[in-house]
Amino acid sequence: MTTQPLATEQPLLSVRNLKIRIQLDNGVMNAVDGVDFDIRKGKTLGLVGESGCGKSLTSRSLLHLNPKECETSGSIVYRPSDGKGAKEMDMDILSLEPNGKAIRSIRGRRISMIFQEPMTAFSPMYTIGNQIVEAIRIHRTKDKKEAKNIALEMLSKVGISDEEKRYDQYPHEFSGGMRQRAMISMALSCNPELLIADEPTTALDVTIQAQVLELMRALQQEFGMSILLVTHDLGIIAQMCDEVAVMYLGKIVEQAPVKELFRNPKHPYTKGLMRSMPRLGGGKDKRLESIEGSVPMAIDMPPMCGFYERCKDRIEGVCNASAVPMTSISEDHTVRCFLYSESEGGESP
């Protein structure tokens with residue numbers, strides 16, 4: 001694991017008070033509710049949580065890609081460089097026009113994304129090579145031959161053999177693992193500063209999953225890019241990340257360096273996720289623990305802990321009576337839980 005950056009170094013991207021509201025027939029859904037995090041240069045931040053907690057909406061908002069019905073507020077400050085160490089002007093991504101020239105110059109070129117479902121992310125009407133070259137010709141070179149050579153090189157880098165033949169094939173001619181690799185090659189074809197990987201190993205078998213993760217790590221070292229890794233798999237988090245943000249019901253409930261989080265989890269939800277992980281030597285007769293219940297719909301939620309109904313450590317009259325503040329456990333470890341709030345008589349930070 002790489003060393004932590006100096007505290008004085010500004011993050012590549014800072015998210016502050018990100019909120020995403022969706023108006024439904026039966027009320028307002030607060031899909032993302034006041035999320036804060038930083039993505040540091042050359043580092044990997046893991047965003048982990050169950051399905052339905054707001055991870056994908058959060059990640060897509062970094063590229064201003066959420067649909068019109070998502071009312072988004074807050075700030076997403078991106079601090080680009082020119083690739084030679086010189087700093088450019090900071091920009092708030094949410095202040096840009098969703099289809100304007102400024103945001104289109106960032107998408108694919110500066111910040112790129114591996115979407116969650118490789119089976120549907122490619123258009124079935126065009127060849128794999130055609131779709132990779134499109135981004136290269138927009139952001140890197142207008143020359144068709146040079147763009148094709150870059151695409152072939154990227155296909156080779158991600159481990160696709162016989163790239164000349166594969167370049168002219170359609171998505172349905174690729175297996176799931178190969179399509180995932182092709183998505184990675186397209187995402188990295190313009191040397192982005194930040195790669196957003198939304199469940200990059202979904203539906204892949206264990207062998208291919210390991211290969212894809214190793215590939216991402218090798219390419220990160222080669223290009224020096226930052227990664228936001230969105231997943232529900234704590235095993236992948238432990239293997240890939242420098243820092244972790246645990247998300248539940250649209251909020252970050254715990255954030256810490258990866259080693260600190262696994263050594264000293266604080267939030268009951270984080271502890272539940274840890275206990276539900278399979279472990280070597282656990283015994284074949286020992287059942288995995290589970291977190292009872294499911295993530296509720298975040299529609300017109302009262303000010304209280306969203307994990308209250310599922311929490312074994314809840315405090316009646318406290319956890320269900322007011323919104324939960326974020327508490328500092330240490331300099332780089334925070335948790336959103338009344339058990340650690342001095343004002344509620346919990347543990348001292």
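Start by selecting strand E2, residues 27-39, which is mostly covered: 11 of its 13 residues are buried. The model on screen is a predicted one.

**The first hairpin**

E1 and E2 form a hairpin, with 2 residues between them. The two strands run antiparallel and are joined by 10 bridges.

**A residue in a loop**

Now go to Met-89. Its place is the loop between strand E4 (70-78) and strand E5 (91-92). Is Met-89 buried or exposed? Its relative accessibility is 70%, and exposed means over 50%, so Met-89 counts as exposed. Leaving aside residues up to four places away in sequence, Met-89 touches Tyr-78 and Pro-80. Next, draw a distance from the C-alpha atom of Met-89 to that of His-139: the two are 19 Å apart in space and 50 residues apart in sequence.

**Helix H5**

Select residues 144-157, which make up helix H5. How far apart are the end C-alpha atoms of H5? They are 20 Å apart, and this agrees with the 20 Å that its 14 residues should span at 1.5 Å a residue.

Asp-143 caps the N-terminal end, where one of its side-chain oxygens lies 3.1 Å from the backbone nitrogen of Lys-145. After the helix comes Gly-159, with a positive phi near 85°.

Then show the side chains of H5. Which residues of H5 are buried? They are Ala-147, Ile-150, Ala-151, Leu-152, Met-154 and Leu-155. Colour three further helices to see part of what covers them: H4 (128-139), H6 (163-167) and H7 (176-188) are included in that cover.

**The open sheet**

Switch to a cartoon view and find the open sheet of 8 strands. Their order is E6-E7-E8-E3-E9-E10-E12-E11, and the pairing is mixed. At the edges stand strand E6 (111-114) and strand E11 (327-330); each has a single partner strand, so one side of each is left without a neighbour in the sheet. From one strand to the next, the twist averages 20°. Show side chains on a strand and keep one rule in mind: in a regular strand, side chains alternate between the two faces of the sheet.

E6 and strand E7 (residues 194-198) run parallel, joined by 4 bridges. For one example, select Ser-112, whose bridge partner in E7 is Leu-195.

Bring back H7, one of the helices that cover the buried residues of H5. H7 also lies across E6 and E7, and runs at about 175° to E6. Another helix to select is H11 (residues 268-275), which packs on the sheet and touches strand E9 (243-248) and strand E10 (251-257). The direction of H11 makes about 105° with that of E9.

**The whole chain**

Finally, zoom out. The protein chain has 11 helices and 12 strands. Its radius of gyration is 21 Å, close to the 20 Å that the globule rule gives for 349 residues, so the chain is as compact as a globular protein of that length. Along the principal axes, the C-alpha atoms fill a box of roughly 65 × 50 × 45 Å. Of the 349 residues, 49% are buried. Among contacts between residues at least 6 apart in sequence, 61% join residues at least 24 apart.

How values were computed: Residues numbered from 1 in each chain as written. Predicted model: local features only at pLDDT ≥ 70, side-chain atom pairs only at ≥ 80, totals over all residues. Heavy atoms only, no water. Expected span 1.5 Å × (residues − 1). Buried < 20%, exposed > 50% of the residue type's maximum accessible area, 1.4 Å probe, protein only. Contact = heavy atoms within 4.5 Å. Polar contact = N/O pair within 3.5 Å; in protein donor to acceptor, adjacent residues only side chain to side chain. Pairing = 2+ DSSP bridges. Axes fitted to C-alpha atoms, helices over the stretch in contact; angles between N-to-C directions. Rg over C-alpha atoms; globule rule 2.2 N^0.38 Å.
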